[in-house]
Amino acid sequence: MRKKGMVWFAALLVMMGLAGCAAAAGVTLRTFTPFADMDLAAQSYMDLITAWETESGNLVEDYSGLTDEAWMEQLRAMTADGQVDLVVVPVGSGLTGSELVNVEELLAVAPDCGARRMDAMMEADGTVLLTPVRFNWEALYINTDVLEAKGLSAPTTYEELVSVCSALAQEGVLPLANALGDWAEIVLDCAALLGAPADQYGQQASLDGAQAVLTALMQAGAFGTDPWGMTDADAQDAFLSGQAAMRFDSEGLAQMATAAGRQDSVTVVSLAGTDGQARTAVVGVPSFGLALTQACWQDEARREAALSLVTKMLSQEGLASLAGGSQSRLGESIAQLTASATGCTGLLYDLNPDGFESWAQGVIDALRSL
């Protein structure tokens, strides 16, 4: 459990007999989030909270920490006592509608707060209690400095991706740092989203489309001269060191890129597919969602303050801080990717666990024969 220093400062004012001034400044909200300790967004979250306190005159008593069972027990106990106002919790946390305000009710009162109702976060009874804040997603990472050095623009469509890969390969630059013989699942997922209309993801049309997309990329030299002999660790290192131009990967690569000091040279994009249509669903699933508690909602002053904080957290700038860990070029692109998402596709393996391995091996074997 972590509490903000400004809360202790407010307590000091009370001890000095200045409680009247502190109370007049606003209300104190209690928050539970995962943005603490080693979390990439810990400092960005605290900066966001401090800025909101200055702007609003309210205070935050923050209980962010590792979302383990001890943390959840504390959250449940304080929620039951009406002491919690805002939570960011894992999807499937077990909190219910008796404890949290559903997204429909939140949007009815504050339609511009940035909350989204996403079917992938639906409870068993059909309600949606959480608005998405973070996703487990997969997308195309781009080393923009590598492209710029060759006079190329970042691709936004499947056709542009093939063209850029062909141009880079001719220049002797590895276009896509992905090892096809080792951990190719993410490449297959992303290719399936490109290869057929978005509403057919996971169906046979998208599986066939994935093979067609990867065939075109192989023929353009996108994966280098020996994508079978390269390990995925080597491929990842090639991207993070700026030797390769692009890579299909998950949200975890963002933290590595930031640690490597490339947060302002790397972006992520969701490409338009072979049908020319933009993809507004992210490949993946929601991981964390935000909600207000019923106790907060029933207290007018706390509700008004909490809605103000929610609006700041769910703004483009706020989501960039919480998704990418900083207001960097990478963080902003992640926020754009996730904030514009209308849904989640899931992953090919999860949609068809019995048939995925044989299909994937068939695709890889076909690519080897090219």
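Visitor: Which residues form one aromatic cluster with F32?
Guide: F32 clusters with Y63 and W71. Keep in mind that this is a predicted model.

Visitor: How are the rings of F32 and Y63 arranged, and why?
Guide: They're stacked, because the ring centres are 5.1 Å apart and the planes sit at 5 degrees, where anything under 30 degrees counts as stacked.

Visitor: And where do those two sit in the chain?
Guide: F32 is in strand β1, residues 28-32, while Y63 is in the loop between β2 (59-62) and α4 (69-80).

Visitor: Buried or exposed, F32 and Y63?
Guide: Both F32 and Y63 are buried.

Visitor: How many aromatic pairs does the count come to?
Guide: Seven aromatic pairs.

Visitor: Switching to the core. How many residues does the largest nonpolar one have?
Guide: It has 43, and L140, L176, L214, L217, F223, M246 and W359 are those with the most contacts inside it.

Visitor: Which element gives the most to this core?
Guide: α8 does, with eight residues. Other elements giving two or more include β4 (131-143), α9 (204-219) and α17 (356-368).

Visitor: Zoom in on L140. What is L140 in contact with, leaving aside neighbours within four places in sequence?
Guide: The contacts of L140 are P155, L161, L176, M246, R247, F248, T267, V268, V269 and L271.

Visitor: What lies apart from that core?
Guide: Another core, of 39 residues, with M121, A139, A244 and L337 among them.

Visitor: Now D39. Where is the place of D39, and what does the side chain of D39 reach?
Guide: D39 is in the loop between β1 and α3 (42-56). The D39 side chain reaches the backbone nitrogen of A41 at 2.8 Å, and it also makes a polar contact with the side chain of R134, at 2.8 Å. Not counting residues up to four places away in sequence, D39 touches P34 and R134.

Conventions. Residues numbered from 1 in each chain as written. Predicted model: local features only at pLDDT ≥ 70, side-chain atom pairs only at ≥ 80, totals over all residues. Heavy atoms only, no water. Core = buried A, V, L, I, M, F, W, Y, C linked by side-chain atoms within 4.5 Å. Buried < 20%, exposed > 50% of the residue type's maximum accessible area, 1.4 Å probe, protein only. Helix = DSSP H or I, 4+ residues; strand = E, 2+ residues; numbered from the N terminus. Contact = heavy atoms within 4.5 Å. Phe/Tyr/Trp six-rings, centres within 6.5 Å; stacked < 30°, edge-to-face > 60°. Polar contact = N/O pair within 3.5 Å; in protein donor to acceptor, adjacent residues only side chain to side chain.
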